[in-house]
Amino acid sequence: MPKRFSPELRDRAVRMVHDRQGRVGGPRSQSIRAVAPQLGVGEDTLRIWCNRYGPTELVSPGEPLEEEDRRFRRELTEAQRANDTLKATSALVTAELDRPTTK
């Protein structure tokens, strides 16, 4: 079954290809080859998205990619911290439940 990618990821990927092409220049295929592994998307999938959705100049540009990347990294760090807390709590509860009772 094929993977389903969110529309937000698709839009971000197309924008990243377009931004990279504007900065670096060269053929679009080079930008696609550079961006696809960063997002975990196949090159052919990204190429289809770029052909189908293309650069949308009518949409107001969101935050710059560097700021968006920093925001995502911050969110990831917070999620990892919460996950570590939950793991530790789970270990404590499991240890408490496994402890033999004396009556």
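**Close-up views of side-chain contacts**

Glutamate 68 is buried, with a relative accessible area of 7% (buried means under 20% relative accessible area, exposed over 50%, and partly exposed in between, using a 1.4 Å probe and protein chains only). This is a predicted model, in which local features need pLDDT of at least 70 and side-chain atom pairs count only at pLDDT 80 or more, while totals for chains, interfaces and linings use all residues. Residues are numbered from 1 along each chain as its sequence is written, and side-chain values use heavy atoms, with hydrogens and water left out.

**View 1. Arg12, Arg15 and Glu68 are linked in a network of salt bridges.** A salt bridge here is a side-chain nitrogen of Lys or Arg within 4 Å of a carboxyl oxygen of Asp or Glu. Glutamate 68 meets arginine 12 with N and O 3.4 Å apart. Glutamate 68 belongs to helix H4 (residues 65-98) and arginine 12 to helix H1, so this pair ties together parts 56 residues apart in sequence (helices are DSSP runs of H or I with at least four residues, numbered from the N terminus). Arginine 15 also forms a salt bridge with glutamate 68, its closest N and O atoms again being 3.4 Å apart. That pair links helix H1 to helix H4 across 53 residues. Arginine 12 is buried at 15% relative accessible area, whereas arginine 15 is partly exposed at 28%.

View 2. Arginine 73 is exposed, at 54%, and aspartate 69 is partly exposed, at 30% relative accessibility. Across the whole structure, the search finds seven salt bridges.

**View 3. Phenylalanine 5 and tryptophan 49 form an aromatic pair.** Rings of Phe, Tyr and Trp (its six-membered ring) pair if their centres lie within 6.5 Å; planes under 30 degrees apart count as stacked, over 60 as edge-to-face and the rest as tilted. By this rule there is one aromatic pair. Its ring centres are 5.5 Å apart and its planes lie at 85°, so the pair is edge-to-face. Phenylalanine 5 lies in the segment before helix H1 (7-24) and tryptophan 49 in helix H3 (residues 43-53), so parts 44 residues apart in sequence are tied together.

**View 4. Arginine 10 lies over the face of tyrosine 53.** The distance to the ring centre is 4.0 Å; a charge sits over a ring if NZ of Lys or CZ of Arg is within 6 Å of the ring centre and within 35 degrees of the ring normal.

Conventions. Helices (H or I, at least four residues) and strands (E, at least two) are DSSP runs, numbered from the N terminus.
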